[in-house]
Amino acid sequence: MIWVLGCRGMLGSQLCELFQKNKLSYTGTGSEVDVTDFSELENFADKLESSSGSKIDFIVNCSAYTAVDKAEDEKESAQKINSAGPFNLARIAEKKGAAIIHISTDYVFDGNAIQPILETEKKSPASVYGKTKASGEDNIISSTQRYYILRTAWLYGFYGKNFVYTMTKAMNSRESVKVVCDQKGTPTNCSTLAQVIFEICSKKTVPYGIYNVTDAGQTTWFDFCREIYSLGTKYGRISNNCAINSCTTDEYPVKAKRPAYSVLDTSKIQSALNIKLPDWKLSLEDFIKDERFSVK
Ligand SMILES: NC(=O)c1ccc[n+]([C@@H]2O[C@H](COP(=O)([O-])OP(=O)(O)OC[C@H]3O[C@@H](n4cnc5c(N)ncnc54)[C@H](OP(=O)(O)O)[C@@H]3O)[C@@H](O)[C@H]2O)c1
C-alpha cells in the first residue's frame, strides 16, 4: 500500500490519478494530516495499516511549502513543512519498514553551474525555500536508508498554478508580456515525474538514493514562453496576438533569488529505470493538447 501526502497539490493530484488508473493501492492525504506533527502522522499510519490490513510500502511526499517568494518572509512555516515534515515522514518510514519517496528541487543549488548538475554535486541553496528543501533532504538521509529523493524543476501540471497556465492566461488577455531570458532550466510535465514515481513503486527494485527527474533538454523562461504561445495557438488555447519580449533577471525583481542555471543531469534515473525521458517540447505539447488542460 502507498501513502501519498499532498494528494491535492499539483503533483499529488496527478500522481493519485495515475495510481487510480493503474489500480495501485494507495491512500492520499492533504494538510488535514499535518506533516509537521509527528504523532498525528504516526496515528494516521497506524490506523491506515490496521484498517486496510496491509503494510505501508511507500510513503510518497508531494506535500511542501512551495511559495518561493513568500518563504523569504515566512521562514518558520517553510522550514517546518519542508524540513521538519520530511524528517517526520522519514522516521515513520523507518519505523514501518517502508521506503520514502520525497520530491526535492533544483533550488538546492545556487545556479552557478555551467553544465548539467549531477546528484553528487554539493548543495548550495540561495533562497529560504531552497535552504528549507535542502535541509529536508538532509533530514531524510540522516533518518533512513530507504529513501528516494527526486529532484525536479520548472514543474507544471493540470491541477495547480504554474507557468504554463499563468502565461496562457496572460497572453490571452494582454498585448505583450515580458519574460526573463537569462535563466536556464528544464520545464517538466508532472506526467513525467508521476510516471517515474509510479515505476519506482511498481518495480520495487530501484536502488535507493538521490535522483534528478526532469524532462529532457534545456531552455530559458523566455523560450519556454514562446513555445507555450506557439503550441497554445496551434491547439486553440491562445487566440490573441501577444508580443513576447525578453528581459533580464535584474529587470524583473522578485524577492527570492532564482538559480541562473538549473539544468539537472538525468542519466542516473534513466539508467536505473531503463527509460528515456521525453523532450520538454514534446511533453509541453502533450500537456497543452490534453483535455485536462484548464486555465482558471
Ligand atoms: N512547482 C514547481 O515548479 C516545483 C519545482 C521543483 C520542485 N517542486 C517540488 O515538487 C513538489 C510538489 O510541488 P507542487 O507544486 O505539486 O506543490 P503544491 O501544488 O503547492 O502542493 C503542495 C501540497 O502540500 C500540502 N501541504 C502544505 N502544507 C502541509 C502540511 N503542513 N501538512 C500536509 N500537507 C501540506 C498542501 O495540501 P492542501 O492542498 O491539502 O492544503 C498542498 O496540496 C514539492 O515538493 C515542491 O517543492 C516543485
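Predicted model: local features only at pLDDT ≥ 70, side-chain atom pairs only at ≥ 80, totals over all residues.
**Helix 7 with helix 9**

- The axes of helix 7 and helix 9 (residues 280-289) lie 10 Å apart, and the two helices pack at an angle of about 40 degrees; helix 7 and helix 9 are therefore oblique to each other.
- On the side of helix 7 the contact is made by Asp223, Phe224, Glu227, Ile228, Leu231, Gly232 and Lys234, which meet Trp280, Lys281, Leu284, Glu285 and Ile288 of helix 9.
- By residue class, this contact of helix 7 with helix 9 comprises six nonpolar, one polar and five charged residues.

**Helix 5 with helix 7**

- Helix 5 (residues 163-173) and helix 7 (residues 221-234) have axes that come within 10 Å and cross at roughly 65 degrees.
- Helix 5 contributes Phe163, Val164, Met167, Thr168 and Met171 to the contact, while helix 7 contributes Trp221, Phe224, Cys225, Ile228 and Tyr229.
- The residues of this contact of helix 5 with helix 7 divide into nine nonpolar and one polar, with no charged residue among them.
- Phe224 and Ile228 of helix 7 take part in the contact with helix 5 and also in the contact with helix 9.

**Helix 3 with helix 4**

- The axes of helix 3 (residues 75-96) and helix 4 (residues 128-141) come within 8 Å and cross at roughly 15 degrees, which makes helix 3 roughly parallel to helix 4.
- Lys75, Ala78, Gln79, Asn82, Ser83, Ala84, Pro86, Phe87 and Ala90 in helix 3 are in contact with Val128, Tyr129, Thr132, Lys133, Ser135, Gly136, Asn139 and Ile140 in helix 4.
- Eight nonpolar, seven polar and two charged residues make up this contact of helix 3 with helix 4.

**Around the ligand**

- There are 22 residues around the ligand, of which Leu11, Ser31, Thr66, Tyr129 and Lys133 come nearest; Tyr129 and Lys133 also belong to the contact of helix 4 with helix 3.
- An N or O atom in the side chain of Tyr129 is 2.7 Å from an oxygen atom of the ligand.
- Leu11 places a backbone N or O atom 2.8 Å from an oxygen atom of the ligand, and a polar backbone atom of Ile103 is 3.2 Å from an oxygen atom of the ligand.

Notes
Residues numbered from 1 in each chain as written. Heavy atoms only, no water. Axes fitted to C-alpha atoms, helices over the stretch in contact; angles between N-to-C directions. Helix = DSSP H or I, 4+ residues; strand = E, 2+ residues; numbered from the N terminus. Parallel < 35°, antiparallel > 145°, perpendicular 65-115°, else oblique. Contact = heavy atoms within 4.5 Å. Nonpolar A, V, L, I, M, F, W, Y, C, P; charged D, E, K, R; others polar. Near = heavy atom within 4 Å. Polar contact = N/O pair within 3.5 Å; in protein donor to acceptor, adjacent residues only side chain to side chain.
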